[in-house]
Amino acid sequence: MNKETYIEESSETYDAIVIGSGITGGWAAKELTEKGFKTLIIERGRIVEHRKDYISEGKPPWEYANRTKVDKELVDEQFAIQKQCYAFHDGTKQFFGNDKDYPYTTKTGTEFSWIRANQLGGKSLLWHRQSYRMSPFDFEANKLDGHGNDWPIRYNDLAPWYEYVEKFVGISGTSENLPQLPDSVFQPPFEMTKPEKDFAAKMADAEPDKPVIISRCAHLTRPEKVHVDLGRMQCMARNECQKGCSFGAYFSTQSATLPAAAKTGNLFIAPNSVVESLIYDDTTNRVKGVRVIDNDTLKQREYFGKIVFLCASTLGSTQIMLNSTSKTFPKGIANSSGVLGQYLMDHNYNALVTASIDGYEQEYYTGRRPASLYVPNFHYEPSRYHEKFKRGFALAGSASREDWQSMGTRDGFGASFKNMLHNPGKWGIGLQAQGEMLPRQDNQVTLHSSKKDKWGIPQLHINCQWSENENLMMQSALEVASSMMEKAGFHNIQKRILGQPPGLAIHEVGTARMGRDPKDSVLNGFNQSHDVPNLFVTDGASFCSTGVGNPSLTFMAMTARAVDYAVKEVKSGRL
């Protein structure tokens, strides 16, 4: 970025303001600037420059004082919630929010783990990069089984936009022609290990409705011109992605959408700007600007724009909307329906099955592959639902050999112990469920009546918990995964319910849902507010249901589609 890109004070009225710079904010900025709109990104956190600020990249575990474990006192003081995230360690902690700065409350008897990454790029620097299209069944499920409101869009509305973003992002994977898992535009897949290939072959015979495929992930395996022109290169399978990737091999705001937007000359960024509320004009029924508080000085300033894209994450965007009150919208902007903050959902990752694999002592692999095995949801329509629960789940995992880190916990000492660590250990496999969560009105967030954060903004109060439907689904996932492993001939099969609260999948969605009827939804089918025409919300808050697959690819496709619609509305004079 040029120095001129970053601003602090500004009296200019921008063509568009984008709040948040993660996966959706980056896409909104790219699309708006490429269409000629002078665009301001408002980011509450610090600047993170691609390559320069990946301070731990390439640093091996043995160069950390505690082999990447974070000092306990520091964890207890700053990261008690963030430490639960799979990506949190001493080499990535700089990309996680300080829990002391981001307090929230939960209803008594419930838990919710809100993972925060407040810097330029947001959680696009930390995500696990698994990328799946939602299926026609996902968009129809609410209507067919009566849980949640009907999506105002269908798969065919989003299909061309999936293809559009996939070509830019770069998704590795295999075409499978499965009705519940539409194929993407793929780059070459990562390879399965020999035990994984054999497992897939056995399941093709024993469990044909549960195909075992390689996962689909946002990693370049064969960069094309659109990627190379942005300085992106092939994935080196280092599995250090959450430290930042100077190769730009995995998709992030820093590696892809931000440089594309900057090339247009239409991009401006206001970092360290915590959004307090949206400035609403009652006379025009439009958002005319954004009120922010400086992250460091706590001074207030304002920015003005003609259209606003809220991309601050599901809970972040909802908090801003709830805190933007006026005579017209006393319960939060664009909330005439009263459902803003309701229907909070996350994926349920609570079933884990592991097993040991005999043989394959002469089978090795190199690198640290970012892909895994994937078993798509086979309960993908009402006629295929389990008798005890609705919707379904996928399974993901891998087969690998023990390494020096896992074997280092065994008893032993001296030369023989060190020699053992030089050699690969036994083969094992693990499969973990990713289950859908039903939309429920009582799973919701509100503003706390008295507690505020250090910027003076009311804290979120969260009430979210698994229902019996999700609990029964995880029990079934244990039985399915263990049965598959038994049929494959694995042994020492261990089944475990993990007991993780909502939030830890980091797939929270649903609190400003789209819908056909303004009486029971916040947004229309183009992510546009029913109530305030120049306000768009394109992050996970807009979802009507979780589906089963990881949501990030859908975030991107929906954002690109919403920008296309907004620009056409502006140019036609309707907006």
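**Notebook: strands, cores, rings and cysteines**

I began with strand 3 and strand 16 (residues 458-463), which pair in the parallel sense over 2 bridges. Helices (H or I, at least four residues) and strands (E, at least two) are DSSP runs, numbered from the N terminus. I count two strands as paired if DSSP finds at least two bridges between them.

I noted the ground rules next. This is a predicted model, where local features need pLDDT of at least 70, side-chain atom pairs count only at pLDDT 80 or more, and totals for chains, interfaces and linings use all residues. Residues are numbered from 1 along each chain as its sequence is written, and side-chain values use heavy atoms, with hydrogens and water left out.

**Sheet**

I looked up the bridge partner of Thr105 in strand 16 and found His461. The open sheet has 3 strands in the order 3-16-15, with mixed pairing. Strand 3 and strand 15 (444-452) are at the edges; each has a single partner strand, so one side of each lacks a neighbour in the sheet.

**Cores**

I then turned to the nonpolar cores. Such a core is a set of buried Ala, Val, Leu, Ile, Met, Phe, Trp, Tyr and Cys residues joined through side-chain atoms within 4.5 Å. Buried means under 20% relative accessible area, exposed over 50%, partly exposed in between (1.4 Å probe, protein chains only).

The largest core has 131 residues, and Phe199, Phe251, Leu278, Met321 and Leu535 have the most contacts inside it. Helix 11 (residues 468-488) gives the most to this core, with 9 residues. I checked the contacts (heavy atoms within 4.5 Å) of Phe199. Neighbours within four places in sequence aside, Phe199 touches Val212, Leu373, Ile429, Leu431, Met484, Ala488 and Phe490. Another core lies apart from the largest one; it has 22 residues, including Ala28, Ile307, Phe309 and Tyr565.

**Rings**

I searched the whole structure for aromatic pairs and got 23. Rings of Phe, Tyr and Trp (its six-membered ring) pair if their centres lie within 6.5 Å; planes under 30 degrees apart count as stacked, over 60 as edge-to-face and the rest as tilted.

Tyr104 and Trp114 are edge-to-face, at 5.6 Å centre to centre and 65° between the planes. Tyr104 is in the loop between helix 2 (72-78) and strand 3 (105-106), and Trp114 in the loop between strand 3 and helix 3 (136-145), 10 residues apart. Tyr104 is buried at 15% relative accessible area, and Trp114 is buried at 2%.

Phe543 and Phe555 have ring centres 5.3 Å apart and planes at 75°, so this pair is edge-to-face. Phe543 is in the loop between strand 18 (535-537) and helix 12, while Phe555 is in helix 12. Phe543 is buried at 1%, and Phe555 is buried at 13%.

I also looked up Thr554, which is in helix 12 (residues 552-572). Thr554 is buried, at 0% relative accessibility. Beyond its neighbours within four places in sequence, Thr554 contacts Tyr132, Met134, Leu158, Tyr162 and Phe543.

Trp27, Trp161, Tyr164 and Phe168 make up one aromatic cluster.

**Cysteines**

How many disulfides does the structure hold? I found 0, a disulfide being a pair of cysteine sulfur atoms within 2.5 Å. For Cys241, the nearest cysteine sulfur is that of Cys235, 6.2 Å away. Cys241 is buried at 8% relative accessibility. For Cys245, the nearest is that of Cys241, 6.6 Å away. Cys245 is buried too, at 9%.
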